[in-house]
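I jotted things down in the order I looked them up.

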Protein chains: 2
Amino acid sequence: MAGTQTVRRSPADKHDARRNQLAESALTTLGELGYARTSLREIANNSEFSHGVVHYYFHDKLELIVYCVRYYKAQCVTRYDAVVSDSTSAEGLLDAFAAKLVETLRDEAPMHRLWYDLRTQSMFEESLREAVTMIDATLQEMIWRVVSRYAELADRPTAMAPSAAYAVLDGLFQQALLGHIAGQPEALDSIASQVHGLMPLMLAPAPS
Amino acid sequence: MAGTQTVRRSPADKHDARRNQLAESALTTLGELGYARTSLREIANNSEFSHGVVHYYFHDKLELIVYCVRYYKAQCVTRYDAVVSDSTSAEGLLDAFAAKLVETLRDEAPMHRLWYDLRTQSMFEESLREAVTMIDATLQEMIWRVVSRYAELADRPTAMAPSAAYAVLDGLFQQALLGHIAGQPEALDSIASQVHGLMPLMLAPAPS
DNA sequence: GCAGCGTCTTGACGACTGTCAAGACTTTTC
DNA sequence: GAAAAGTCTTGACAGTCGTCAAGACGCTGC
């Protein structure tokens, strides 16, 4: 309460800062190794601390993982906001959206395979389910902002429910990620053209 | 070569039979626990053998897993063949296909979450990649047989590449599986109606 | 019955894991 | 500057894992 100036921060803030610092180290490790092969010692090795410190800031390994997942969400959710707000035509939005998809696929593949890993693990481990369900809903909203804005710019109503639109685009993205990681160079171009072909189908037929 | 009658089988056949028997025990365990949490001892517990026998029939844990994945494929690949061959109209095929999707989702959820688990793990573990890529291609062909037959019956050309059609339907299926396992009762009805809405979009617009 | 072979069990090994307690080091407080 | 509180390291624990060697069991051919 008192003394929280620019330099000096409250102990609670510092505590949270350390948790975030550990979360970032953990996310790096998780993105490299995947959920199953990531140990607390390996996470600590990728940070500037020793392995015991994790239990000072997190009660559990699971608490750390869930914290990481939620922390990661905050970075994801605004990814396409610029695409939505900056586009002035349906075609322009589509191009920008596809380009952003390709960019995120190329630059953040480890984070995305981690997401798919965690989502799949939640089918086996109930403790992950709540966080995963919440993020999945957030991602669906994110996609829907793109699709509904696309419909608005095209002056045509949407022809698909938000959940279906998300599932379908997610399927394309996941396939592209798989191909990209497997070393197929055509995966990036492929996702772009597939998205260009698919998005118009999400709108009601144009009044011709 | 000699003496292979109805009753007596060659040692090589018996060897293969044991491998398949172990593969089935392994698949049961993998479907319950997932790739990461499945140990060789647990697999052996779900069979009538002890944990050491695995190393008699398989060199590695990984060799067992890959063998399982390939073994599992043989059961998958013909799943929708009856749908394709028995349908006489586009609407009939669509209904049968959607019903089969719901049935497989309801009755074989563990096997499918295992498939998604292994496919995701292949993004981290290269040794799984070859088998996964091969199965993915086989599944894509399976889906394409459905879609192209659907187009044939509807007397309209397809408007989507095989890979896109597979990715899109796979996305819907995965979302439904996730919902179903998370205990959402509406997941089964939802996938049926979503597929009904999506499949017509895979064909070129009807000449009206 | 005995040797030989294929099959399977048992028990052990080294490595790795999450967890936690004991204490060292640093910072804050009075 | 001493005491107290907060922060971090070290080392150990119990457990699990994949792997493998040694040997037991059962079957076949002689």
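I began with the backbone of Leu40(B): one of its polar atoms sits 3.0 Å from a phosphate oxygen of DNA strand D. This is a predicted model, so I'm reading computed distances here.

Next I checked side chains that reach phosphate oxygens of DNA strand D. Arg18(A) puts a side-chain N or O atom 2.6 Å from one.

Then I wanted the wider surroundings. How many residues surround DNA strand D? I got 18, and the closest are Arg18(A), Ser50(A), His51(A), Tyr57(A) and Asp60(B). I noted that Arg18(A) turns up here as well as in the phosphate list.

What kinds of residues make up that surface? They split into 5 nonpolar, 7 polar and 6 charged. I also asked which helices supply at least two residues each. Helix H3 (54-57) of chain A does, and so does helix H2 (40-45) of chain B.

New entry: the domains of chain A. The domain assignment gives me domain 1 (12-70) and domain 2 (77-202). I found their C-alpha centres 27 Å apart. Between them, 13 residues of domain 1 are in contact with 14 residues of domain 2.

How much area is buried between these two domains of chain A? My note says about 1100 Å², with carbon and sulfur atoms giving 71% of it. On the domain 1 side, Tyr35(A), Val69(A) and Arg70(A) lose the most area to domain 2, together 50% of what that side buries.

I then went through the polar links across this interface of chain A. The salt-bridge rule finds 0 between domain 1 and domain 2. Polar contact does show up, in 4 residue pairs with both partners at pLDDT 80 or more.

Which elements give two or more residues to the side of domain 1 that touches domain 2? I wrote down helix H1 (11-33) and helix H4 (61-76) of chain A. By class, that side of domain 1 of chain A holds 8 nonpolar, 3 polar and 2 charged residues.

Terms used:
Residues numbered from 1 in each chain as written. Chains lettered and ligands numbered in written order. Predicted model: local features only at pLDDT ≥ 70, side-chain atom pairs only at ≥ 80, totals over all residues. Heavy atoms only, no water. Near = heavy atom within 4 Å. Polar contact = N/O pair within 3.5 Å; in protein donor to acceptor, adjacent residues only side chain to side chain. Helix = DSSP H or I, 4+ residues; strand = E, 2+ residues; numbered from the N terminus. Nonpolar A, V, L, I, M, F, W, Y, C, P; charged D, E, K, R; others polar. Domains from an automatic or database assignment. Contact = heavy atoms within 4.5 Å. Buried area = accessible area lost by both parts, 1.4 Å probe. Salt bridge = Lys/Arg side-chain N within 4 Å of Asp/Glu carboxyl O.
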